[in-house]
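Subject: Structure handover

Hello,

Here is the structure I promised to pass on. Please open it first, then read the notes below.

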Amino acid sequence: MKIIKFNAVWCPGCLVMKSRWKKVCNEIPDLDITNYDYDIDTDMVKKYNIGKILPVTIFLNKEEEVERLIGEISYNKLIETINKYRGF
């Protein structure tokens, strides 16, 4: 499983999620996560059809998208979703 995250420095929800993701990464350090900046990584924003609501987290099985979470997500939902796809 690969996780890609889209954030922006001006996004309040992204700041909230930053601490939740830090906690997740401390508990599950072997996650394959790539971060993209909404304003800088415009090619990736277009490739993944990222809308105006941030943050966006995309879970991939190889290169195929299996789930997309948009907006602020609870810590428990993050863990639940990661565990759902962890075997991929």
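**Helices on the sheet**

Helix 3 (residues 75-85) lies across strand 1, strand 3 and strand 4, and runs at about 175 degrees to strand 4. Helices (H or I, at least four residues) and strands (E, at least two) are DSSP runs, numbered from the N terminus. Angles run from 0 to 180 degrees between N-to-C directions, with axes as lines fitted to C-alpha atoms, for helices over the stretch in contact. Contact means heavy atoms within 4.5 Å.

Before the rest, two notes on the source. This is a predicted model: local features need pLDDT of at least 70, side-chain atom pairs count only at pLDDT 80 or more, and totals for chains, interfaces and linings use all residues. Residues are numbered from 1 along each chain as its sequence is written, and side-chain values use heavy atoms, with hydrogens and water left out.

Four strands form an open sheet with mixed pairing, in the order 2-1-3-4. Two strands pair if DSSP finds at least two bridges between them. Strand 2 (33-37) and strand 4 (64-70) stand at the edges with a single partner strand each, so one side of each has no neighbour in the sheet. From one strand to the next, the twist averages 20 degrees. Strand 3 (residues 56-61) and strand 4 run antiparallel, joined by six bridges. Phe59 stands opposite Glu67 in strand 4. Helix 1 (residues 12-27) also packs on the sheet, where it touches strand 1 (2-7), strand 2 and strand 3. Its direction makes about 155 degrees with that of strand 1.

**Rings**

There are four aromatic pairs. Rings of Phe, Tyr and Trp (its six-membered ring) pair if their centres lie within 6.5 Å; planes under 30 degrees apart count as stacked, over 60 as edge-to-face and the rest as tilted. Phe6 and Tyr36 are stacked, because their ring centres are 5.3 Å apart and their planes at 25 degrees. Phe6 is in strand 1 and Tyr36 in strand 2, so the pair ties together parts 30 residues apart in sequence. Phe6 is buried at 0% relative accessibility. Tyr36 is buried too, at 18%. (Buried means under 20% relative accessible area, exposed over 50%, partly exposed in between, with a 1.4 Å probe and protein chains only.)

Trp10 and Tyr38 form an edge-to-face pair, 6.1 Å centre to centre, with 85 degrees between the planes. Trp10 is partly exposed at 49%, whereas Tyr38 is buried at 15%. Ring pairs also link Phe6, Tyr36 and Tyr48 into a cluster.

Best wishes
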